[in-house]
Amino acid sequence: MIRLISFLLLLSALTNNVQCQQSDFKHIDFKIAEGKALQMKGRELYNVPLLVHNLTYNLKTDVEQFKAIYLWICQNIENDHSLMQKNDHMWLKHKNDAKKLDLWNTKFKKEVFTKLLKDKKTLCSGYSYLIKKFSNLAGIECEIINGYGKLSSSLKKLETPNHSWNAVKLNNKWYLCDATWSSGYINSKGLFIFDYNDSFFLMDPKEFSNSHKPLNQNLF
Amino acid sequence: MKTQTFTKRDNLKALSLFLLFLGLTLVTNSISAQTERIITGIVSDETGPLEKATVLLKGTNLFTETDKTGAFTFPQKLKENDVIIVSHLGFEDQEIKVGTKNKPLNVFMADYSIVIVGSLLTEDDIKSYKAKND
């Protein structure tokens, strides 16, 4: 019930506040937050509460704390191509069989978390999971949104949900962000290259919707 | 004569103040001695003891982690209403308020419920996106 209420609140917040974007925080100097993310570079994920404490300690505003969290995740967690291919394959194979998909997800989830913990490598859900976990530990409301994401070609071509991102509540407004796409890209050799892209941090929802379509369409 | 009387009174005042202070210190100490204590516990998930879960005192960088048997002993005495966060990747974090009962904590960690999906950006995606937006 609580989940339903919070989801409905999130839904109404997102539909009402279409103006929420990065420029709302133009007056904030993110230098200290950036410094904190840099200071914690290379840390492991074995003790997330401590990492979050170190990332956000002494940062006065929620948006600064969230920026430190977002930067650290984008600059320390790698995309894993093989995990994605494996998952895509199974989603296509079982797209009409919810039971099998559920069984696959339960098994695959364990593999994803183990890889994240040991190698700091993951796929979209790992990023959005970390963004939510870190934010919640810092006392910031944050939700995972699953859906369809495509940057270069039409969103309509996608058969199964392929992407995951976040909505985060800052100063009582909900904002959107995509840590997976902010972190970097896969080059022609199939290797991940860290290349932080700030445009997916609290992106204008209108622009965001060009490349992101949530499973629950009512969100926009 | 007058001066001497004052001095005596002053001495008496100082002595009573000192005694009051001493009394207060003792009382405060004994109160904190009653409520501050070593916190121990066992952390487990549905398969059994959970190793390497971290236990952090909220708002600080003081922590410990669970051993192979899922057991932990917090390195510092905690007092009533202190909050500890028990955490492990892939599980729901738990915030626990230190209560009055003096027995080991039993912490059950629930699996994090999540549907795994994933989509990556290729170099071409980035190039065409940048070309469009520059």
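Me: How many salt bridges does the rule find across the interface of chain B and chain A?

Reply: A salt bridge pairs a side-chain nitrogen of Lys or Arg with a carboxyl oxygen of Asp or Glu. In this predicted model, the rule finds three of them across the interface of chain B and chain A. One of the pairs is Asp93(B) with Lys133(A), whose closest N and O atoms are 2.7 Å apart.

Me: Which elements give two or more residues to the side of chain B that touches chain A?

Reply: They are β3 (54–57), β6 (83–87) and α2 (123–133) of chain B. The largest share comes from α2(B), with eight residues. By residue class, that side of chain B comprises 14 nonpolar, 13 polar and eight charged residues.

Me: How many residues of each chain are in contact, and what area do the chains bury between them?

Reply: In chain B, 35 residues are in contact with 53 residues of chain A. The two chains bury about 3,700 Å² between them, and 60% of that area lies on carbon and sulfur atoms. Between chain B and chain A there are also 12 residue pairs in polar contact, counted where both residues have pLDDT 80 or more.

Me: Let us turn to a single residue. Is Asn162(A) buried or exposed?

Reply: A residue counts as buried when its relative accessible area is under 20%. Asn162(A) has a value of 8%, and is therefore buried.

Me: Where is Asn162(A) placed in chain A, and what does its side chain reach?

Reply: Asn162(A) lies in the loop between β3 (142–149) and β4 (163–170) of chain A. Its side chain reaches the backbone nitrogen of Gly149(A) at 2.8 Å.

Methods: Residues numbered from 1 in each chain as written. Chains lettered and ligands numbered in written order. Predicted model: local features only at pLDDT ≥ 70, side-chain atom pairs only at ≥ 80, totals over all residues. Heavy atoms only, no water. Contact = heavy atoms within 4.5 Å. Buried area = accessible area lost by both parts, 1.4 Å probe. Salt bridge = Lys/Arg side-chain N within 4 Å of Asp/Glu carboxyl O. Polar contact = N/O pair within 3.5 Å; in protein donor to acceptor, adjacent residues only side chain to side chain. Helix = DSSP H or I, 4+ residues; strand = E, 2+ residues; numbered from the N terminus. Nonpolar A, V, L, I, M, F, W, Y, C, P; charged D, E, K, R; others polar. Buried < 20%, exposed > 50% of the residue type's maximum accessible area, 1.4 Å probe, protein only.
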